[in-house]
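Please view the sequence and the model first, and then read the points grouped below.

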Amino acid sequence: MAPCSSQSKGNFEEKKAMPKAFKQANQLFALAGMVGLAGLSNPAYSACDSTADPVALAASCDDLTISTTKSDVTIGPSATVSSFFSLDAALIQNTGQVTGTFSNQGLISSGFGHNGFVNSGQVSTFLNTGVIRSTSAGTSDGAIVNNNLIGTLVNRGSVEATVGTWGAGAHALLVGGEIVTLNNSGTISAQNSAIYFTPGFTARIGTLINSGTIQGGINGGPSSTFASAIELGSGNSIGTIVNTGTIDHSVCDAGGTCYAAIYNGGGSIGTITNKGTLTPGNTGSNAYGIINTITGTIGTLNNAQGDLKYFGQLPTQYNTIVNSTSAYGKLFVTSATSQLVYAVASGSTLLSGTTYAAVLNGVNASHLTNTTGTYGGGLVATTWRLNNSAGTQWDLITDAPVTVAPNTGSSSGNKLGQAITFAYASAVTASTPAAVTNGTSLVAAIQSLTPSQATSLTQVHAEGYSSNMTITLEQMGHVTNTVMDRVGAPSSTSAGASTSLELEHGRTFWIDASHVNGSVTHYDKLAGFKYRLSNLIMGRDIYQDTSARLGVLGGIGYTAMSEPEQVRQDFSSTNYYVGLYGAQSFTNNLKISAAAGYVYSDTSARRYNPDVGHFTGGTAQSQYQSNGGYAALKVSRPYQATEQFTVTPFVGVAFTKLWMRQAHESGGNDFNYAISPASGQSALTFAGAEFLMPIHQATARPLSLTGFYRLGYDWSADKASAHEITAQSQLFGSFQQTGANKGPVNHLMGLGLQGDFARGITIRAGIVGRISTHGKELGGGAEVKWAL
């Protein structure tokens, strides 16, 4: 017999007559509670105090009412809140709001009233770790009644509605408004429906997650009651149901009316994922796990249960969850109508050339829109087909999986994809295969990746560590440029144009500050990025004579890199510099300037990884250190082109090298990497010219215009080995990553002013820019120098 409505009442009107004697007894008990007759519960009235904010109840009280905005409400573990004069033990009025958490650690009981907790306002989070109970015989009552909005309802305790031998009674959870997320790891139970939606209203639960027990139609005393566990009517909806626990209910009654774990009597359910148990009944197996009436709609049903009974209109799509050759979903359908699309559920593990018997039963070819398909296809493709082995039984048969070359759209994403493919081949033969963060086996997580999901691997690679190494190398290059430009610069202190080597002042102490913004464009499927470099360097001459100078320097620098094109990531470094500098002038005006030093770098990194299929992302963070060295040599000879204009051609070499220590990420879940120690280097040759032109020749405060152009070639920029890193994953093994850099050819130019600010104090300031093969920079700096 086709099942009728599973609810023992409809639209808040009782379908089963309540015994007249019980009605009279219930009225007498309510009256006794209101006048406080001896021997009954709550003989003394004690109103709950809700005037404070937050509200904290440590002792038992009656009639809790929230009519204004509260930050939090807490009922302590020793407190009982019950109804006395009110019909509701705890009530959030339509003017009430809890912006934080309403937490019940004790007992909320309907007492002589109807409902345990009623929300007619708004509650951000409702957390129950205690007991919420209704003993009302009224079928329009509930332990929890939601008439408006609850953001998140978390039950780790018990929500229960029992009335004994008097019939079905109240519901555990009566939904008349909206609950965005319901997460149950405790028990929700009632002699009536455990979770009941008010028909005809847009009552809704966005996401229902059950890892505990939901029971409808539990036995009441010596007699049985009949109800489904979860019941929807017209206008009602659930976005997603995820069940890893048990949803239990009544068997069919003597009149042939059948009940279900999920009864959809005209509502809408988007997705049901069942990895637990939707029972066919609590005292037998003649009822159903799911009943979907002709007016109800179910979008997608994912099922791992091996004996799921289903009645009525088919879901739009049915997906079998396959965990092993002996543990996989089987659906047994009665009175099937409409058609479904069949597929293997994401996260399944399919073996080559295997038959999974009876995945579908009770449907014929007219109910199936397809009988073949491909599982995954991102990195591994497994073709399958349905075989009508007997009657209305359909078996799932698989072919051999085929690996697919990664096509993520990025070089580093493809390398990660290759590593994952190798990990799959190893995991298939492993005696104990690894599992990813959400509990899915590594084999299943890889096998189920679709082409679009595999493309997302370009958002979780580790290329940024290589790119950031080149930024630190770049900053070391800026330091050497700054120091050598200072010690090799012509002086502006003489009355005419000078080609002397700033030796007139004698020994000096100096401070230089600079800041540069730069960017590298994407190329060769490598991600572009933006960066900032800031330096504060100071130095002091320790030796000086008429032709030579030697000094020491120290400083601090900051770098920041962001890369939004592929992986959302940020790197920031603090770098500490020490070094030596010197210059030598010869009788023919040939000058040699040099600098060398050491850098210590402390780096913080963050990579914001999305979820990819069954792989769980997260913010991967690391803190690591690096050591570096830099050296440069420049040869120049000034020429006085005119009386007021000096040109100084130069050539030089610069070498920087960085040794990065190991980095360990945390917080990225399946995409945490350990970056092996690595090194990067830059080997630059350059040539160019600088000029000096006095524009104010006062004896006391001369001022000159200065500028330069430099053409450089970095012989390491195009070599991947010069800044390649190796990432290690506990799931995927190791893989190499090479990031973008500014490229080998770069044009560096600058323009500024230098002059004496006061006696013995000289200032230089200007702007500098770079155009490189793959990037550009623009910044500026200033130097103040004191004669000692």
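A salt bridge is a side-chain nitrogen of Lys or Arg within 4 Å of a carboxyl oxygen of Asp or Glu. The structure holds 10 salt bridges. This is a predicted model, in which local features need pLDDT of at least 70 and side-chain atom pairs count only at pLDDT 80 or more, while totals for chains, interfaces and linings use all residues. Residues are numbered from 1 along each chain as its sequence is written, and side-chain values use heavy atoms, with hydrogens and water left out.

**Domains**

- The domain assignment (bounds from an automatic or database assignment) divides the protein chain into domain 1 (111-313) and domain 2 (460-489 + 505-787).
- The centres of domain 1 and domain 2, taken over C-alpha atoms, are separated by 65 Å.

**The parallel sheet**

- Strands are DSSP runs of E with at least two residues, numbered from the N terminus, and two strands pair if DSSP finds at least two bridges between them.
- An open sheet of 9 strands shows parallel pairing in the order β4-β8-β11-β14-β17-β20-β23-β26-β29.
- Its edge strands, β4 (61-62) and β29 (277-278), each pair on one side only.
- Strand β11 (residues 107-109) pairs with β14 in the parallel sense over 3 bridges, and leucine 107 has valine 131 as its bridge partner in β14.
- Strand β14 (residues 131-134) and β17 are joined in the parallel sense by 4 bridges, with alanine 161 of β17 as the bridge partner of serine 134.
- β17 also pairs in the parallel sense with strand β20 (residues 187-190), over 4 bridges; here the bridge partner of glutamate 160 is serine 189.
- In a regular strand the side chains alternate between the two faces of the sheet.
- In β17 (residues 158-161), Ser158 and Glu160 on one side and Val159 and Ala161 on the other are all buried, where buried means under 20% relative accessible area, exposed over 50%, and partly exposed in between (1.4 Å probe, protein chains only).

**Salt bridges**

- Glutamate 665 and arginine 607 form a salt bridge whose closest N and O atoms are 2.7 Å apart.
- This pair links distant parts of the chain, 58 residues apart: glutamate 665 is in the loop between β49 (663-664) and β50 (674-675), and arginine 607 is in strand β45 (residues 591-609).
- Both glutamate 665 and arginine 607 are buried.
- Aspartate 541 and arginine 549 meet through their side chains in a salt bridge (2.3 Å, N to O), and both residues are buried.
- A network of salt bridges links Glu474, Asp714, Lys742, Arg770 and Glu777.
- Within that network, aspartate 714 and lysine 742 form a salt bridge with closest N and O atoms 4.0 Å apart.
- Aspartate 714 lies in strand β52 and lysine 742 in the loop between β54 (733-738) and β55 (745-758), so the pair ties together parts that are 28 residues apart in sequence.
- Aspartate 714 counts as buried at 5% relative accessibility, as does lysine 742 at 16%.

**A loop residue**

- Serine 716 is in the loop between β52 (703-714) and β53 (724-729) and is buried, with a relative accessible area of 4%.
- Apart from neighbours within four places in sequence, serine 716 is in contact (heavy atoms within 4.5 Å) with Gln681, Ser682, Ala683, Ala722 and His723.
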